[in-house]
Amino acid sequence: MRFYRTLLHLYPAAFRAEYCDELSLAFAERMRELSGPIVSAMIILAALADVIPNAIGVHWDFLRQDLVYAARSLRRTPGFTLTVVLVVALGVGANTAVFSLADFVFVRPLPYPHADRLLKLWQGDTEEAGYNEVSPANYRDWKAMTSSFAGMGAYWRRAANLVSASEPQRLEMVRATPELLPLLGVAPLIGRFFTTEDAAAGQLIVLSYPLWQSRFGGDPNVIGTSVRLDGAPHTVIGVMPASFQFPDRSVEAWTSLVLHEDAFADRTDTFLEVVARLRPGTSSEQARRELKVVSARLERQYPKENKHIRTLVLGLREELSERARLLVLALCGATLCILLLCRGESREPLSRAGRPPRARARRTLRAWRRARAAAAPARHREPGDLVRRRHRGSRGSRGG
Amino acid sequence: MNDRELVDELLPLPPATFHILLALLDEERHGYAIIQDIEARTQGELRMSAGTLYRSIARMVEQGLIAEVSKRRPAADDPRRRYYRLTPFGTAVARAEMRRLSELVRLARARGLKPETA
């Protein structure tokens, strides 16, 4: 019997609380009828055959009852139902959006080999909070005066109008120094990157995979095609793989950035974003220390322009996270509130309908009595009368 | 919802439910007595398990077909036993099911179908 009582845990707790003792008693009485040499095995088999299908059935009955009562309750209150549907839809949508963002910011690896060795460099003022883009002059000096990095490149974002065979299109794009794309470590799908020699000539463009597909129909002969960006002719020299993105998915093309001598004249003109890859065997901490020394030297060298200027070094993911963390945390908080609200709303219909079974039975009986009274008031009797009437009727029919 | 609709909503009854209603027609019974009554009435054809019985009882109490009896029991009876009785609504539903089954049988007879002989 202990085995049977253990099996009873397969039933829903509410059912077990109501019928566990009776079930055990009835089962024990049933088993007393058994005899023979393999009674124990028969009892175990009987217990399994009894409990497993019925426990599943009771779970299904309970679920069906809850759904039916919830549906009835919601049908009676359309305004409430609409609110529940809207709130749940909002919750699901918000949850999906935040998950996508959190996945991108916190979970998914960056699409570059050894992305943990990629750093973002910023200018910071020791007297102020926050950090800024880098001036071309400081970028050039950091690059020349450090040895911690295998490569360092710079870029700035801009939007441009692309004109080719089809309609003009507004593009998010990046102008990058020739060092930038190679140091990310992803080779072009077709074609090549621009080089320092190309950069001097300018007017070259590397396409993202989506742009190549949408604008050029994935034409493998796109290399060498001429397009116009803001009126200036550019030659397509490469297409990046579908998995590649930099600095984010919105950027659809990369053109070469040429820093002419006049760009280095004003050390306070900060507009470049700088990415560097650590040399093998060098830690980011070593790079930080080296840049600290370089910054101090530049401050001494340019006391007016570089006063209090320090270098801020962040991992590429860290940098993304830093910028997005507050936003994501705020969204997560908002989503949590919405989910809690959804949970409350979704439970409400069940709790509205979730009266104890006997109360529902009484309600059914009351409804039945009311219906009978309305249909034939003279026939209305108390419950006991009806049972007695049936007895009389059945005896009568047997007698006849 | 009127009288007829409330009853018809539950038809057709599962065989186990109809047998339990029949078992409680003439007296209040506890679970095991219901099992024994059904087995006796069907000449051992239907041997209901405890699980099937109490799953049906739970549903029938929920539907208002039967109710637990709160009266005093014989002193020698096992205190774990609970007795059930038919409600007036349960009687009405049993009658409606009987009428439904009778009608089916009548229709079959009208088509010339005869019961299988043992």
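By cavity I mean a set of points, on a 1 Å grid over the protein atoms alone, where a 1.4 Å probe fits but cannot get out, and lining residues have an atom within 4 Å of a point. Volume here is the space filled by probe spheres set on the points, with grid points joined across faces, edges and corners.

Before going on, this is a predicted model, where local features need pLDDT of at least 70, side-chain atom pairs count only at pLDDT 80 or more, and totals for chains, interfaces and linings use all residues. Residues are numbered from 1 along each chain as written, chains are lettered from A and ligands numbered from 1 in the order written, and side-chain values use heavy atoms, leaving out hydrogens and water.

So, how much space lies in the largest cavity? About 50 Å³. Its lining includes Glu22(A) and Leu25(A) on one chain, and Tyr32(B), Tyr54(B) and Arg81(B) on the other. Helix 2 (13-31) of chain A gives the largest share, four residues. Helix 3 of chain B also supplies at least two. Helices (H or I, at least four residues) and strands (E, at least two) are DSSP runs, numbered from the N terminus.

Now stay with helix 3 of chain B. Eight of its eleven residues are buried, meaning under 20% relative accessible area, with exposed over 50% and partly exposed in between (1.4 Å probe, protein chains only). Among them are Gly31(B) and Tyr32(B), which also line the cavity. The buried residues pack against helix 2 of chain A, and against helix 2, strand 1 and helix 4 of chain B. Just after this helix, Gln43(B) takes a positive phi of about 50°.

Helix 2 of chain B, residues 15-23, is mostly covered too: seven of its nine residues are buried, including Phe18(B) and Leu21(B). What covers them includes helix 3 (31-41) and helix 5 (88-110) of chain B.

Zooming out, chain B has five helices and three strands, in the order α-α-β-α-α-β-β-α. Buried residues make up 49% of its 118 residues. Of its contacts with a separation of 6 or more, 55% join residues 24 or more positions apart; a contact means heavy atoms within 4.5 Å.

Last stop, chain A. Where does Ile52(A) sit? In helix 3 (residues 39-76) of chain A. Ile52(A) is partly exposed, with a relative accessible area of 36%.

Note on methods. 1 Å grid on protein atoms, 1.4 Å probe; cavity = no way out; pocket = protein on both sides within 12 Å on 5 of 7 lines; lining within 4 Å.
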